Amino acid sequence: MIALVAGDVAIRRPDHVVIETAGGVGYRLAVSSETLRQVPGVGRRVSLHAHLVVRDDALALYGFATEEERELFLALIGVQSVGPKVALAVLSGGTPRELIGAVVAGDVARLQSVPGIGKRTAERIVVELREKVGPVMDDPIVVTRADDPRSLAREGLVGLGFSAQEAESLLASAPPGSAEDLIAHALRGSRR
């Protein structure tokens, strides 16, 4: 099993990176957008946690910036009807901590905002992972209620076409207020 790949970044694309090791071999690792943010530019040194998925027709290598992200990936692919590509899409929706918080809180809407995740799959992820990932957390998780203004504003922004990450980033600097106030603040910020 390949657990870690370290070397120089040879190729950096939106969905994968190629890392050239000291032996001159380049390993292609599919990555989430969260991991890609932490991968330096071409020619720079990087070390990624890895997981190898063996199928009848391919060997697919997946890379992760943190051990926590890899563990969440493994938990996700253990859920019925969630394959590696869907798991990476989920991981692209936020940090592992935020995603685990969403699962523990039962935030099905947040999971549904991920492309490829329908209501049933989102509910299945929550049901199957809530007990597994909740106790693993060391620090307390902030659980938001479904009628929380920030949650409603995030859902509204996603409904307007923003990704979950863009919505979170637009809401990060917003002062407390109603969902409508938060959305208005976020939209003003998106024009800058």
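**Strand 2 and what follows**

Strand 2 and strand 3 pair in the antiparallel sense, with 5 bridges between them. Two strands count as paired if DSSP finds at least two bridges between them; helices (H or I, at least four residues) and strands (E, at least two) are DSSP runs, numbered from the N terminus. This is a predicted model, in which local features need pLDDT of at least 70 and side-chain atom pairs count only at pLDDT 80 or more, while totals for chains, interfaces and linings use all residues. Residues are numbered from 1 along each chain as its sequence is written, and side-chain values use heavy atoms, with hydrogens and water left out.

Within the pairing of strand 2 and strand 3, V17 stands opposite L29 of strand 3. The hairpin of these two strands has 5 residues between them, and G24 there takes a positive phi near 85°. Strand 2 also pairs with strand 1 (residues 4–12), antiparallel and over 4 bridges. Here V9 has I19 of strand 2 as its bridge partner, and the hairpin of strand 1 and strand 2 has 3 residues between the strands. Of the 5 residues of strand 2 (residues 16–20), 4 are buried, so the strand is largely enclosed by the rest of the structure. Buried means under 20% relative accessible area, exposed over 50%, and partly exposed in between (1.4 Å probe, protein chains only).

S32 counts as buried because its relative accessibility is 1%. Neighbours within four places in sequence aside, S32 is in contact with E69, L88, L91 and S92, contact meaning heavy atoms within 4.5 Å. The C-alpha atoms of S32 and R12 are separated by 12 Å, and the two residues are 20 apart along the chain.

In helix 1 lies T35, which is buried at a relative accessible area of 0%. With neighbours within four places again left out, T35 is in contact with L48, G63, F64, A65 and E69. F64 is also the bridge partner, in strand 5, of H49. Strand 4 (residues 45–54) and strand 5 run antiparallel and are joined by 6 bridges, with a hairpin of 4 residues connecting them. In strand 5 (residues 59–64), 5 of the 6 residues are buried, so this strand too is largely enclosed by the rest of the structure.

E69, a contact of both S32 and T35, is one of the buried residues of helix 2 (residues 67–77), along with R70, L72, F73, A75 and L76. The cover over the buried residues of helix 2 includes helix 1 (33–38), strand 4, strand 5, helix 3 (84–91), helix 4 (96–105) and helix 6 (119–133). In the loop between helix 2 and helix 3 lies S81, partly exposed at a relative accessible area of 49%. S81 is not a glycine, yet has a positive phi of about 70°; most residues other than glycine have a negative phi.

As for confidence, the mean pLDDT of the protein is 85, and 92% of its residues reach 70 or more. pLDDT is the predictor's confidence in each residue, from 0 to 100. Over residues 138–145 pLDDT stays under 50, and the model has 9 contacts beyond four places in sequence for them. Where pLDDT is low, the predicted coordinates should not be read in detail.
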